[in-house]
Structure formats: structure tokens, C-alpha cells
Amino acid sequence: NNTQTNIDNFTVNNKLRKLFSVALGFKENFGKGEKHFSYVMHQLGLDGQDMVFVGDSLNDGRLAEQNGIDFIAKLGTFAKKDFLKIDKNINCINNISDLIYGK
């Protein structure tokens, strides 16, 4: 839920750019969900089973499920118990660095 400019700045400022193939933000008529997922699949030659969507909201989890994309919940905006109500087997992380270094 941030603009592409802010996402680009965040990945550069936090030295994350090389870790992600694609980091997408909002642009007019190009928001989170099916449009983002389709773009990533096209750009990287993937299908939905090759992707993981990391998000911090319950809606992010729903969008991933609706589009057949695996999901990892970034805790903070919502607690683990909130995500567990949607999926009792959901993977959760506390920090983005947990994707690299584990918990």
C-alpha cells in the first residue's frame, strides 16, 4: 500500500534491491492483487506456484489465496492470531530479514 517510488527508495536505502527480483508498489491502475501477480509472472516467466507474496495485512493474505499464490504474513500491523484465523498453517515473520536469516 505504498507508491512505487517509496518502494524503490526503501529497497535501495535498506540495501535490499539485490535480494528481490521484483518489489512492486502502487501506480495508477496497477495495484496489489491480480495485476501485480500477473506482471510478476510475465516478467519472470513464472506461474503462481513459483511465487510467494509477503504482506502485512489480512487482505494481503486474501489476495494471495484468491490468486493461488503462497503467502507469508509480516507481523506488526496484525498479530499472528489474526492471520491464524484465516489459515491455521500460515507462515509468519517478524522482520523482512527473517526471509533471509530465519527466525
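A residue is called buried here when its relative accessible area is under 20%, and by that cut-off buried residues make up 31% of the 103 residues in the protein chain. The model is a predicted one, and every value below was computed from it.

**Overall fold**

The secondary structure of the protein chain consists of 5 helices and 3 strands, and read from the N terminus the elements follow the order α-α-β-α-β-α-β-α. The radius of gyration is 13 Å, close to the 13 Å that the globule rule gives for 103 residues, so the protein chain is as compact as a globular protein of that length. Along the principal axes, the C-alpha atoms occupy a box of roughly 30 × 30 × 25 Å. Of the contacts in the protein chain with a separation of 6 or more, 19% are between residues 24 or more positions apart.

**Surface and charge**

The protein chain has an accessible surface of about 7200 Å², and carbon and sulfur atoms account for 48% of that area. It carries 13 positive and 12 negative charges, whose mean positions are 7 Å apart.

**His36 in helix α2**

His36 is part of helix α2, which spans residues 34–44. Its relative accessibility is 9%, and because buried means under 20%, His36 counts as buried. When residues up to four places away in sequence are left aside, His36 touches Leu24, Gly25, Phe30 and Gly31.

**Aromatic pairs**

A search of the whole structure finds 5 aromatic pairs, and two of them are set out in the table.

| Aromatic pair | Centre to centre | Angle between planes | Geometry |
|---|---|---|---|
| Phe37 and Phe53 | 5.3 Å | 80° | edge-to-face |
| Phe78 and Phe83 | 6.2 Å | 75° | edge-to-face |

Phe37 and Phe53 are both buried.

Terms used. Residues are numbered from 1 along each chain as its sequence is written. This is a predicted model: local features need pLDDT of at least 70, side-chain atom pairs count only at pLDDT 80 or more; totals for chains, interfaces and linings use all residues. Side-chain values use heavy atoms; hydrogens and water are left out. Helices (H or I, at least four residues) and strands (E, at least two) are DSSP runs, numbered from the N terminus. The radius of gyration is taken over C-alpha atoms; the globule rule is 2.2 Å times the number of residues to the power 0.38. Buried means under 20% relative accessible area, exposed over 50%, partly exposed in between (1.4 Å probe, protein chains only). Contact means heavy atoms within 4.5 Å. Accessible areas come from the Shrake-Rupley method with a 1.4 Å probe; for residues, only the protein chains shown count as cover. Lys and Arg count as positive and Asp and Glu as negative; His and the chain ends are not counted. The place of a charge is taken as NZ of Lys, CZ of Arg, CG of Asp or CD of Glu. Rings of Phe, Tyr and Trp (its six-membered ring) pair if their centres lie within 6.5 Å; planes under 30 degrees apart count as stacked, over 60 as edge-to-face and the rest as tilted.
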